[in-house]
Amino acid sequence: MKEIKNHQDLPKDLTLGQSVTYEEQYSNALLQAVPRSVGRDTLALGTSLPFKGVDIWNGYELSWLNTKGKPQVAILRCIIPHTSLNLVESKSFKLYLNSFNQSHFATWDDVKATLKSDLSACAGESVSVMLLSMNEIAGQPLGALDGTCIDEQDITVSTYQPDANLLITLDDVVEETVNSNLLKSNCLITNQPDWASIQVRYSGRKIDHASLLKYFISFRQHNEFHEQCVERIFCDILNTCKPDKLSVYARYTRRGGLDINPFRSNFEQAYEDIRLPRQ
């Protein structure tokens, strides 16, 4: 599999990595799309994808004015299907949400409808949008990933670029779920660190836990967007370990008031959205 080593296939006018002025009046022109093909072409996926899934976004910095000029606040949750033509570029998403700050909307439904229309247009497919009030989320407990955490493996690590050859399968056939908090990659453009916890559910020949942890850690100096990393992990495990069933789910820490949580599977639907301690 090829890695993305430069940005020649990205849109040339991305605000990511650029100094910008924050706009406080609503503007859907701030949203920018990144074709999913930028990452998928490096995986040689073609048009027949080996997975289904969604990207779950949570936005914690959404506010607008009602018709009396009184600020309203909400938590945004949106779900972008894996089949959408584009990713929504995260910095442009942040700038777009900030453009609501001094804009007037008559009702919460008007805000929700505006978000759904704009985000769907950017992604190239219908996006699901929810607005949650502070009362709705108050008291909700932090969650945890399913399965066995493999982080206590006593390993020696020297590889910090993705290497599927690190993965080792054993003779036992199992159904298991494992997770790790040691996934880190870097933004494709800015090189800022992206921190995540990751869960893998599979059935097939057992994946050696030490080798899987080494593989997760190998992303530590890798530059790619969140969604692209998860699809790379899915394809590497599928092609190298050849499980009968496979799901990969990553929960990234927030940046700019947004967290992105990609889910890919060849056998099950996305799990209920949870919030981990680092989110």
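Student: Which residues are buried in helix 2?

Tutor: This is a predicted model, to start with. In helix 2, the buried residues are Lys91, Ser92, Phe93, Leu95, Tyr96, Leu97 and Asn98. That makes 7 of the 9 residues, so helix 2 is largely enclosed by the rest of the structure.

Student: What covers the buried residues of helix 2?

Tutor: The cover includes strand 2 (52-65), strand 3 (71-81) and strand 4 (86-88). Helix 3 and strand 10 (258-265) are also among the covering elements.

Student: Let's stay with helix 3. How do the axes of helix 2 and helix 3 cross?

Tutor: Helix 2 spans residues 90-98 and helix 3 spans residues 108-123. Their axes come within 13 Å and cross at roughly 150°. Angles over 145 degrees count as roughly antiparallel. Helix 2 and helix 3 are therefore roughly antiparallel to each other.

Student: Is the crossing of helix 2 and helix 3 left-handed or right-handed?

Tutor: Helix 2 passes helix 3 in a right-handed crossing.

Student: Which residues meet there, between helix 2 and helix 3?

Tutor: Helix 2 brings Phe93, Tyr96 and Leu97. From helix 3 come Thr114, Leu115, Asp118 and Leu119. By type, the residues of this contact are 5 nonpolar, 1 polar and 1 charged.

Student: Why would residues three or four places apart in a helix point the same way?

Tutor: An α-helix has 3.6 residues a turn, so residues three or four places apart point the same way.

Student: Now the other helix pair. Where do helix 5 and helix 6 sit in the chain, and how do their axes cross?

Tutor: Helix 5 covers residues 209-217, and helix 6 covers residues 226-241. The two axes come within 12 Å and cross at roughly 145°. The crossing of helix 5 and helix 6 is right-handed.

Student: Which residues make the contact of helix 5 and helix 6?

Tutor: On helix 5 they are Leu212, Tyr215 and Phe216. On helix 6 they are Arg232, Ile233, Asp236 and Ile237. The contact divides into 5 nonpolar, no polar and 2 charged residues.

Student: Switching to rings. How many aromatic pairs does the structure hold?

Tutor: There are 13 aromatic pairs. One of them joins Tyr26 and Phe105. Their ring centres are 6.2 Å apart and the planes stand at 80°, so the pair is edge-to-face.

Student: Where do Tyr26 and Phe105 lie?

Tutor: Tyr26 is in the segment before strand 1 (33-35), and Phe105 is in the loop between helix 2 and helix 3. The pair therefore ties together parts that are 79 residues apart in sequence.

Student: What about the rings of Tyr215 and Phe216, how are they set?

Tutor: Their centres are 6.2 Å apart and their planes are at 50°, so the pair is tilted. Tyr215 is buried at 0% relative accessibility. Phe216 is also buried, at 0%.

Student: Which residues do ring pairs link into a cluster?

Tutor: The cluster consists of Tyr26, Tyr96, Phe100 and Phe105. Tyr96 also takes part in the contact of helix 2 with helix 3.

Student: New topic. Where is Asn186 found, and what is it in contact with?

Tutor: Asn186 is in strand 7 (residues 169-186). It is buried, with a relative accessible area of 6%. Leaving aside neighbours within four places in sequence, Asn186 is in contact with Asn191, Gln192, Pro193, Asp194, Arg220, Gln221, His222, Asn223 and Glu224.

Student: Asn191 is on that list. Where is Asn191 found?

Tutor: Asn191 is in the loop between strand 7 and strand 8 (193-207). Its phi is near 70°, a positive value in a residue other than glycine. Asn191 is partly exposed, with a relative accessible area of 46%.

Student: What is the phi of Lys242 near?

Tutor: Phi of Lys242 is near 55°, again positive in a residue other than glycine. Lys242 belongs to the loop between helix 6 and strand 9 (245-252). At 62% relative accessibility, Lys242 counts as exposed.

Student: Last one. Which residues is Arg77 in contact with, leaving aside neighbours within four places in sequence?

Tutor: Those are Trp57, Asn58, Ser128, Val129, Met130, Leu132 and Asp273. Arg77 itself is in strand 3.

Definitions and conventions. Residues numbered from 1 in each chain as written. Predicted model: local features only at pLDDT ≥ 70, side-chain atom pairs only at ≥ 80, totals over all residues. Heavy atoms only, no water. Axes fitted to C-alpha atoms, helices over the stretch in contact; angles between N-to-C directions. Helix = DSSP H or I, 4+ residues; strand = E, 2+ residues; numbered from the N terminus. Parallel < 35°, antiparallel > 145°, perpendicular 65-115°, else oblique. Left-handed = near helix turned anticlockwise from the far one by under 90°. Contact = heavy atoms within 4.5 Å. Nonpolar A, V, L, I, M, F, W, Y, C, P; charged D, E, K, R; others polar. Phe/Tyr/Trp six-rings, centres within 6.5 Å; stacked < 30°, edge-to-face > 60°. Buried < 20%, exposed > 50% of the residue type's maximum accessible area, 1.4 Å probe, protein only.
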